[in-house]
Amino acid sequence: MQTLSSIDRCKKEGIKLEVIIVDDGSSDGSEETIKKQEYNFNYHYHYHEDKGYRVSLSRNVGAKLSRGRILAFVDSGMIVGSNFLKAHKKLHDESQNLAVIGYMYAIEQNLSKSSREKLSQLYLKQNVDEFCNSIVNSHEFSDIREPVFEASSDTLTRLPYPWAIFWTGNVSIKRELYNKTQGFDEKYTSWGSKMSTLVTLCTD
C-alpha cells in the first residue's frame, strides 16, 4: 500500500483529487488492507475476476469510473514524490494536447539481491522525497528507457513509435485526449501488475 500512502503525502493545493483503484483479480487481501487505512482523499475500489493479466482493461475501467479532467496512471508498487500531482498538472495546464511520460526508477526486472536490499534500506531510513532523490541521484537505479530519451533529446515525437515507451507506471493524459484514442488496447493481455491506480485531477 506504499503507492497509496505516497499519493496521500503529495502536495494538493489547488487540486481536487480522486483515486480509482482497480484490482485485476488479486487474492492477497488487498481490499481489506486498503480499507483499514485512512487516506486524505476520496477513492473508489473496483474488483474484477482474475482472468489473466488484463492491465489495459483495468486502466480503461478506471478511466470510466473517474470524473477528473486529467488522468494520471500509476502502477502498483510505485512510490511517487510529493510534487507528483503538481508536476503533472502544471504540464497539462501549459499545453492542450499533451501526453506526459514521467521517469520510473528501479523498475529493472532483474535487479540483484543486493540492489533490492539497498532499496528497502533506503525506503525504511528516509522520508518519501529523500528516498526518491536518493534513487534519482544513483546511476544504479536509472530509468531503463534513458538511452531512448537521450537519443531523441527528450523530444519523443522524433521517435517512430513514441507510444512504445508510454509505460503506465507514471504517465498522465487529459480525459479529452484519452477519449479520442479510445483508451488502451484491451487485446493486450501480457505482463502487468494485478493492481492499477488511476489518479484524476481537476482544478479547484
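A polar contact is a pair of N or O atoms within 3.5 Å; within protein, one atom must be able to donate a hydrogen and the other to accept it. In this predicted model, the side chains of Y45 and D23 form such a contact, at 2.4 Å. Y45 belongs to strand 2, which spans residues 42–47. The residue is buried, with a relative accessible area of 15%. Beyond its neighbours within four places in sequence, Y45 is in contact with D23, I21, S30, E31 and I34. I21 and Y45 are 24 residues apart along the chain, yet their C-alpha atoms are separated by 4.8 Å.

A second polar contact involves S115. The side chains of S115 and S112 are joined at 3.0 Å. S115 sits in helix 5, residues 113–125. Its relative accessibility is 7%, so S115 counts as buried, the limit being under 20%. With residues up to four places away in sequence left out, S115 touches E140 and F141.

The cysteines were examined next. A disulfide is a covalent bond between the sulfur atoms of two cysteines. The structure contains zero disulfides. For C10, the closest cysteine sulfur is that of C132, 9.1 Å away. The cut-off for a disulfide is 2.5 Å, so this separation is too far for a bond. C132 is likewise in no disulfide, its nearest cysteine sulfur being that of C10.

How values were computed. Residues numbered from 1 in each chain as written. Predicted model: local features only at pLDDT ≥ 70, side-chain atom pairs only at ≥ 80, totals over all residues. Heavy atoms only, no water. Helix = DSSP H or I, 4+ residues; strand = E, 2+ residues; numbered from the N terminus. Buried < 20%, exposed > 50% of the residue type's maximum accessible area, 1.4 Å probe, protein only. Contact = heavy atoms within 4.5 Å.
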